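Here is a short walk through one protein model. Keep the sequence and the 3D view open as you read.

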Amino acid sequence: MSAHKTLHPAQAEPLHAHRLIIATNRGPVEFYLTQDKVLKSRRGAGGVVTALIEAASRMEVTWVAMAMTEGDRLAARSAEAECGRIPSPLPNLKMQLRYVVIPKTAYRKHYDIISNRVLWFLQHYLYDPSSNSFNYQRLQDAWRNGYRVANQAIAEAVSAEIERAETTPVVMLHDYHLYLVAAMIRERHPSIITQQFIHIPWPDSRCWHFLPSNITQEIYRGLVGNDIVGFQTERDARNFLEGARTILEGAEVDFEEGTVVWQGHRTLARAYPISISVTEERRIVQSLAGRRAAEKILPLLGEQTIMRVDRIEPTKNIPRGFQAYAQMLEEHPELRGKVKFLAFLVPSRQSLPEYKRLNSEVLKLVEEINARYGDASWKPIEVFCDNDRTRALAAMQFYDVLLVNPIIDGMNLVAKEGAVVNKRNGLLVLSRTAGAFQQLGKAAIPTSPLDVAETAEALYTALTLPPEERERRARLARQIVEQNNLQTWLTRQIEDINELLDLARLAAENEERQREQSEPESEPELAPSPLSLSAG
C-alpha cells in the first residue's frame with residue numbers, strides 16, 4: 001500500500017472545500033434535562049471531537065448525529081422550525097448541529113443489538129458463532145428494522161445538508177454504527193467526496209462470514225460507497241481489502257495501491273493511526289482540577305505502582321491483568337507491601353447483560369486478591385469505579401508500570417496518554433494485539449494478552465528494569481506520540497481528501513474545456529470568407 005510522507009503537524013493544510021459535513025452516532029454536544037426540566041447542553045467527551053472541531057475552524061460545518069438521549073430528542077424537535085439545524089450552544093464551537101430522531105425501538109435494535117452486541121464483538125474477535133443468544137430471525141429483524149433504519153435516517157439528513165447550499169461539501173463519516181451511509185448518499189449524490197474512519201479493528205474476512213450473507217454484503221457495499229476508508233493499522237486496511245476481494249463479486253483489488261474498484265467506483269483503503277492531543281492532555285494534568293486530583297492520589301502510591309485505565313469492557317481483558325498481578329505477588333513475595341495496583345475503571349454499557357456480569361466479576365476478583373495478599377497496612381489493589389478522566393490523567397504521572405493488555409483493540413489511546421503525561425520514566429506493558437503496538441512496541445514490554453504467566457513476568461520485568469533502560473524506553477514512547485499526535489492523524493486524512501478534490505476539480509475543468517472546444521464556432525451570417533472574396 002502506498003505510504004504517507006511524514007509531515008510535521010505545523011504543515012497541516014486546510015481542506016480544499018467550502019463546507020464539511022461530519023456524521024457520527026454520538027454528537028459533539030449532549031443535551032440533557034435538569035431536575036427543573038430545563039434543557040441544557042455540555043460538550044461531548046473525546047479527542048476526536050476536538051480534532052474535528054479544529055479541522056473545521058476555517059469552513060462551514062454541520063455535524064449530523066443520532067439523538068441518543070431524551071435531551072437530544074427534545075433539542076431536535078425544537079429545531080424543526082429551523083429545518084432541524086441547531087446552532088452550537090457551546091462557546092468557540094462554530095458549527096450547526098443536526099440530531100436525527102428515529103423510534104426508540106429502532107434505535108435500540110441499531111445500537112444495542114447490531115452495533116454493540118454483533119459488530120463490536122465480531123470486530124474484536126469475540127463473536128461466538130456457536131452461541132444461541134442470537135437466532136436468525138432476531139438478527140435479521142434488528143438489521144432490517146434497526147441498523148438500516150438508523151443508517152437511512154443519517155444518510156437522508158446528510159443528503160439534505162448537501163442540497164441546502166450550492167457549494168460542494170466533503171462528508172466525513174465515523175465508525176461502525178454507520179457502515180451503510182456512504183452508499184446511500186452516493187445514490188443521490190454520486191460526485192460528493194465521502195471518507196469514513198473506523199475506530200475499531202477490521203478482522204480477517206472469515207470472521208465476516210459468521211454473519212448472514214446479506215448483512216456482510218450490505219456492509220461491504222456500503223463502505224465501498226466511500227472514496228476513502230480509514231483504519232487504525234495497515235493490518236486492518238489489508239484485511240478490508242482481502243474481504244472486498246472475496247465478498248464483493250467483480251471487485252478489482254490492488255493491494256499495492258490499497259484500492260478497491262467495484263461497479264466503476266474506486267475506494268482507497270488507508271491506515272491513519274489515531275492519536276491524542278498532547279498539549280490538551282498535559283493542560284488537563286496541569287490544571288487546578290488536575291493538581292487537586294494528583295494530591296489525592298499521592299498518598300495511595302506504593303514504593304512502586306502499577307496502573308491501568310480502562311472501560312469495564314470484555315475486550316480490555318481486565319480480569320487477566322489482575323490475575324497476572326496476583327501471580328507476580330505469589331512468585332515474588334518480596335514485592336508484597338511494596339507494589340500497589342491502582343485501577344481507574346469506567347462502567348460501560350450496563351444495559352447489556354454481558355457487561356453487568358463482567359462488572360461484578362472484576363470487583364469480586366479484586367476483593368479476593370486483596371483478601372489473600374493484603375493486610376491491615378497494605379491494600380494491594382485500589383479501584384476507582386467511575387468516569388473521572390481528569391483524575392485518571394493526573395494519576396498517570398506517577399505510574400512505574402502502565403498495564404495495557406487488551407485482547408484486541410483498534411488503537412488504545414491510554415497507552416499514548418500515559419507516555420506523554422508520566423514523570424517517573426514509567427514503562428508500558430502492552431499487548432501485541434493492541435493497535436498501539438504497531439507504533440509503541442519497541443518502547444514497551446510486550447505481552448500476549450491471554451497468557452497470564454507471561455503478563456506476570458512482563459510486569460516483573462518492567463518493575464525491575466535498570467534505570468537507564470527505563471529512561472530510554474520512556475523517552476522513546478514519549479517522542480513517538482509527540483511526533484504522531486492528533487494533528488498528524490488529521491493532517492494525513494486531509495491530504496488524501498484534498499488530493500481527490502483537486503483531481504475532481506481538474507477533471508471537471510478538462511471536461512468543460514473539451515465541451516467548449518467541441519462546440520462549433522458561430523460565424524456572422526453576412527461576413528464572406530477571404531476565399532469567396534478572392535474567388536469573386
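Start where α11 passes α16 in a right-handed crossing. A crossing is right-handed if the near helix is turned clockwise from the far one by less than a right angle, and left-handed if anticlockwise. Helices here are DSSP runs (H or I, at least four residues), strands are E runs of at least two, and both are numbered from the N terminus. On the α11 side, the contact is made by Arg320, Gln323, Ala324, Tyr325, Gln327 and Met328. On the α16 side, Val452, Ala453, Thr455, Ala456, Leu459, Tyr460 and Leu463 take part. Contact means heavy atoms within 4.5 Å. These residues divide into nine nonpolar, three polar and one charged. Ala, Val, Leu, Ile, Met, Phe, Trp, Tyr, Cys and Pro count as nonpolar, Asp, Glu, Lys and Arg as charged, and the others, Gly among them, as polar.

The model is predicted: local features need pLDDT of at least 70, side-chain atom pairs count only at pLDDT 80 or more, and totals for chains, interfaces and linings use all residues. Residues are numbered from 1 along each chain as its sequence is written, and side-chain values use heavy atoms, with hydrogens and water left out.

Now move to helix α17, residues 467-483. In α17, Arg470, Arg473, Ala474, Ala477, Ile480 and Val481 are buried. Buried means under 20% relative accessible area, exposed over 50%, and partly exposed in between (1.4 Å probe, protein chains only). Seen down the axis of α17, the buried residues fall within an arc of 125°, so they line one face of the helix. That arc is taken from the directions from the helix axis to the C-beta atoms. What do these buried residues pack against? Their partners are α9, α14, β17, α15, β18 and α16. The face turned away from the buried side of α17 carries the exposed residues Pro467, Glu468 and Gln483.

Next come two loops. Most residues other than glycine have a negative phi. Asn317 has a positive phi of about 65° although it is not a glycine. Asn317 lies in the loop between β13 (304-311) and α11. Is Asn317 buried or exposed? Asn317 is buried, with a relative accessible area of 3%. Asn425 also has a positive phi, of about 50°, and is not a glycine. Asn425 sits in the loop between α14 and β17. At 28% relative accessibility, Asn425 is partly exposed.

Key:
The expected span of a helix is 1.5 Å times one less than its number of residues.
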